[in-house]
Amino acid sequence: MSILALKEKFNSLTLESEDHWDYRGNTNSERDYVHGFCTYPAMMVPKMQREMLDVCLEHLQDTTPCLLDPFAGSGTILVEGMLRGLDIVGIDVNPLAILLCKVKTTILDPTILSEKTTQLIDRISAHDNVPLHQFNGINKWFTDQAISDLSRIRSGIIAEEEIEYRRFFWATFCEIVRVVSNSRDCTYKLHIKEQNEIDAYDKDAIDLFKTALQYNICKYNEFYSELKARGHLKRDGLTYKRKVKIVLGDSIAYLNHSKQKYSLVFTSPPYGDNHTTVSYGQYSIMPLRWINCEDIDDSIDGALLTTLYEIDNQSLGGKSSNKTMTSSRKKVVKKSKTLKAQLDEINNIASQQSNKIIAFYSDYDRFLAAISRKMKHNAISVWTLGNRKVAKQEIFMNKIMIELCESYHMQLLTSFTRKILNKRMPKLNGYQGEVKGLQSTMTREHILIFVKE
């Protein structure tokens, strides 16, 4: 592998056009194949990751690499890995992410999927008097009509005997739960709509489910046909030729106990603790309370669903105590002068926020230690990052990442930025921390490419 050639290739693409990595236009932002099954926070741009993956594979010495995404999210990297016939491993602490990853990477028989879909629609249509689903707070977040419709769909899915097909239906169902809920759709956090909006509810969840299901089946058939055309399926047409491993749990714990090593890592890690950045857990909790979570994974802990915040508590920086703040700060700031300077500045105006930053980067540093030990010599890793704002101060995660990685023999090969187009979040957010007021939200992403020395 020529590391220099890889660097020159990325640099030439970046210089080719100032907005090369922005992927403007409808065709470039399209979520083709199974990428658009269900909306998920901060989803990657598939075509961007696809291009970067192809560039890396051209220069990778390992001819049979295993592709790892330790923060798998909705599974964008895993799907692109399958399209290239790679072994793939995806890890995430969020059960909704794991459901999406499993659904997108499971090979189903298109004919049987069509038959089972017809049977499901027939069940939903025939049974209009099913027991209404219940959980704490359901009447706050859903209208009576939504509860009735969703309960009918849920009952029909539960009657499907094969778990792989149930998961496919659950993934579609999750999107409908989100669409018909009483939560505002302008934020990833749960915020109740105004009462007049709730009173004006006029959605037909069953029709929405039917439409979404047909769309997902069409996209799955495209994905299946492409895998088959590229020769990535075995002769039976129902088995992927390479290995697929989807892990529900903490990335640090998994990497510390796994013996596998990787030559290729693609990921977009959280930019800070979920409570104050992207609330993946809050976004996911309502759909998860509607489905049978045992269908997602046998090891799922029911305690994750007891509060709106428990999934986010399990994420990096989600749990911290004053007792650990001092020792954590000392360890991590020794490795990053940028982090130290920013902590000193923020601590003077927002000490509580400073502690959250320490908690996150302490966990993130432990994660980097774990993943670096699982990288082969000359392993390539590609990181899509964002610089969040705390107390109106931009936190330079791109610089902090470079400084932390130096202590783990991960050498920066090249980096570039891209504009975030079609943002769901508003350009300005009301800041409710110790420094109140409006602050701008993230508009650019940073892509960092490292080689393990």
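Tyr364 is buried, with a relative accessible area of 0%; buried here means under 20% relative accessible area, exposed over 50% and partly exposed in between, with a 1.4 Å probe and protein chains only. The model is a predicted one, in which local features need pLDDT of at least 70 and side-chain atom pairs count only at pLDDT 80 or more, while totals for chains, interfaces and linings use all residues. Residues are numbered from 1 along each chain as its sequence is written, and side-chain values use heavy atoms, with hydrogens and water left out.

**Aromatic pairs**

A pair of aromatic rings is described by the distance of the centres and the angle of the planes. Rings of Phe, Tyr and Trp (its six-membered ring) pair if their centres lie within 6.5 Å; planes under 30 degrees apart count as stacked, over 60 as edge-to-face and the rest as tilted.

| Pair | Centre to centre | Angle between planes | Class |
|---|---|---|---|
| Tyr188 and Tyr283 | 5.7 Å | 75 degrees | edge-to-face |
| Phe360 and Tyr364 | 5.7 Å | 15 degrees | stacked |

Tyr188 sits in the loop between α9 (163-180) and α10 (195-199), and Tyr283 in helix α13 (residues 280-290), so their pair ties together parts that are 95 residues apart in sequence. Tyr188 is buried at 12% relative accessibility, and Tyr283 is buried at 8%.

Phe360 and Tyr364 both belong to helix α17 (residues 351-373), where they are 4 residues apart, or about one helical turn. Phe360 is buried as well, at 1% relative accessibility. Both residues are members of one aromatic cluster, formed by Phe71, Phe360, Tyr361, Tyr364, Phe367 and Trp383.

**The chain as a whole**

The chain has 18 helices and 11 strands, taken as DSSP runs numbered from the N terminus (helices H or I, at least four residues; strands E, at least two). Its radius of gyration is 22 Å, close to the 22 Å that the globule rule gives for 453 residues, so the chain is as compact as a globular protein of that length. That radius is taken over C-alpha atoms, and the rule is 2.2 Å times the number of residues to the power 0.38. Along the principal axes, the C-alpha atoms fill a box of roughly 65 × 55 × 45 Å.

Of the 453 residues, 55% are buried. Among contacts with a separation of 6 or more, 77% are between residues 24 or more positions apart, a contact being heavy atoms within 4.5 Å.
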